[in-house]
Amino acid sequence: MPPPEPRSKNKTSLTTFLRRAPNPPSSSSLLTSDPFEPLPRSSTPIRASPAPPPCVLAVEIPPSTLRPIAFRVFTKKHNLTLKSDALTLLCQFVGRRCGAEWRDSGVGEKLLDEVARRWKRSEAAGKILVDGGDVLKGVLKGMDVPTGGATDRSPLSRSNSSLGLDMAGDIPSSMLMGGREDVDMPEAERDEIEEKVDPMEYFKIVDAFEQPKMVYNSSKKLFERGPKPSLFPPPTAKTALFRSRYNLVHSRLLRNDTFLAPTYSKSSNSKPKSYHKLTPISALLGRAGQNFLLFGMLQHSPSGTLSLYDPTGEITLDTSLTQPLPDANANWFCPGMFTILDGVYEEDGRFTVYTALSPPPERREVSAEVYGHVDFLGNGVNLDMSTPSAGGQQGRVMRKVETALTHIRWVAVGEIALDTPRMLEALRHLFEHYSDNPPMLFILSGNFSSIPVAPGDDNAIRAYKENFDALASLLSEFPSICQDTTFLFVPGDNDPWASTFSGGSATCWPRRGVPEVFLNRVKRVAKHVKCTSSPCRLGYFTSEVVVCRDEIVGRIQRSAIRFSKPRDDEDMMDVDAGTGAEKEKETPEVDDDTKLARKLVKTLLDQGYLSPFPGNKRPVLWDFAYTLGLYPLPSALLLIEPFAQPFTVTYEGCHVMNPGRFVVRRKARWVEYAPAERKGTVVEEAF
């Protein structure tokens, strides 16, 4: 097998593109001494000279005054320790850069946060102790903004960058204050970015078994790098799985405005706002007849009764009067899911539940304010780089280039059973649709066989290999797609070798990808082929996309808890039509498929977990359960569910897509995703 050819060199990386030298002047633009010779028109657009930056009067900040803020930023947020000489340097730097308003305006804290980020990206990366040596001095020197005129401008200044920013240049003061970059750009500049920047340089496929393990520390309120996961962990890993999920959702709730305790001074005359307080189960003892708000996981006890569990204990639930909020069709409640319950603690030890509520999610931008310095994918992109109000200079440049590449498309295809009739015919129609303009990525998901493949069945293994050989023969007819497109294969439950022990039923999650031995001929035809796990994650510039293949709708519907229907008020008065009463406004009707899609999306994103079920319903590898988390919320979620209709739904800033089943009668269906817009579209065509 010949080695894969390297990618085309006509495209440069983003850093090289930003650091390129300006084009030399042409011969037609040279000046002449003839006074009657007209001057040539300049092709460079005239830019207004920027206003001089305001002068800042430096102040002297005592170390004792800056120490609490520096401790909160460096130690609490970035897990770094400051020495006394480093604190002295920071006092001088903040006083010189921010002046007397360093504390009141909040610029000083943002400046310290940027210093900590640059320290972690410098040559001292990995060092926890921050001293006042040459490394810190170099970081502070690189952040100094020249205040002189045009003669003080470096050759890598903002005026020399066609993107308006430079990766290695100085940081403007407006960026340190949270100013946003304008994403609108001229067409000529957008075309230049599309020609010069190779998006594959900033695209990474993260397998579930290669994803870095970030563990939430509830005592320190931060994420830490965990030990290397194992397929055979100790029994304590099962308990740690429950505690980790509970602590993440609980900390998310405490930051919500509804459950956030108000802060006010005694001298304030304003009335404090009301809030809801979550009570642990252990605090209910001896308080019968009182109303409480509980939070925990729903489970069936060994006796078969429905109970609520939290780290402090358990309690039996009485759901005969329970009404879900906001309504019964908003989301599902199943054993294994976390729920907020409002009710009364009875004398016999039961908890009568009146209302049940799913925990509200947290937007990605809000999570970035707390854990923005964490790199969850291990691709060098921190969480705050995906938010417009943070991320530093590098994040702003990456977001600007990401939104400029509007021609990039990803195509996600649902279940492709290669041994079923008309499947290859539908794939041929799909490839013909994109033969003239190949997408950047094809996501092909299993089951790639309609029957489970077992290692002892030689005929099934041979047929499975021949199906992929037929796919390779089909791909050879489209050389442009094979040359420019990356193929990502996501396995299903019938694909080897997990189907060896399951027979096509649900296996342990996450599950490994299809063995590459079956795709040898496909790899000879296509240049870029990747067999990944389910689920997996895709990092593209500052975006994070989760790809998951699971038949989750049927599992939820089988295990969902049925609450009693609300009672109709029999004493409602009928309005006489002759009194001139206004008719109620008719609400737009929503079809059942859309209701099902919204209900599924809200259930999963509220739980922040791809498999919120007990271990006997959906087994999970305990040490790899962190790969199933949906916190922080990704930019997009590709949920491949063949037993649900195709849909695209956006909930709390997370765009969720489902291509559904690929072939239905004589129609082919798939989802086309635009990373620049972070929006997908369902495509359905007859073949």
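## Arginine 678

In this predicted model, arginine 678 has a relative accessibility of 26%. That value lies between the 20% limit for buried and the 50% limit for exposed, so arginine 678 counts as partly exposed.

Arginine 678 sits in the loop between strand E22 (667-674) and strand E23 (679-686). Its phi is positive, about 55°, although the residue is not a glycine.

## Lysine 221

Lysine 221 is another non-glycine residue with a positive phi, here about 60°. Its place is also a loop, with strand E4 (214-217) on one side and strand E5 (222-225) on the other.

Most residues other than glycine have a negative phi, and most peptide bonds are trans. The next section turns to peptide bonds.

## Cis peptide bonds

Glycine 446 and asparagine 447 are joined by a cis peptide bond, with omega about 15°. Asparagine 447 belongs to the loop that runs between strand E13 (441-445) and helix H12 (458-475).

A cis peptide bond also links serine 534 to proline 535. Omega is about 5° there. Proline 535 lies in a loop between two strands, E15 (528-531) and E16 (536-540).

## Helices H2 and H4

Two packed helices are described by the angle between their axes and the distance between the axes. For helix H2 (residues 63-77) and helix H4 (residues 107-121), the axes come within 10 Å. They cross at roughly 40°. The crossing of H2 past H4 is right-handed.

On the H2 side, the contact involves Leu66, Ile69, Ala70, Arg72, Val73, Phe74 and Lys77. On the H4 side, the residues are Glu109, Leu112, Asp113, Val115, Ala116 and Arg117. By class, the contact has 8 nonpolar and 5 charged residues, and no polar ones.

## Helix H16

Helix H16 spans residues 552-559. Its buried residues are Ile552, Val553, Arg555, Ile556 and Ser559. Viewed down the axis of H16, they fall within an arc of 165°, so they line one face of the helix.

What covers this buried set? The cover includes one helix and one strand: H17 (592-607) and E18 (636-640).

Technical notes. Residues numbered from 1 in each chain as written. Predicted model: local features only at pLDDT ≥ 70, side-chain atom pairs only at ≥ 80, totals over all residues. Heavy atoms only, no water. Buried < 20%, exposed > 50% of the residue type's maximum accessible area, 1.4 Å probe, protein only. Helix = DSSP H or I, 4+ residues; strand = E, 2+ residues; numbered from the N terminus. Arc of directions from axis to C-beta. Contact = heavy atoms within 4.5 Å. Axes fitted to C-alpha atoms, helices over the stretch in contact; angles between N-to-C directions. Left-handed = near helix turned anticlockwise from the far one by under 90°. Nonpolar A, V, L, I, M, F, W, Y, C, P; charged D, E, K, R; others polar.
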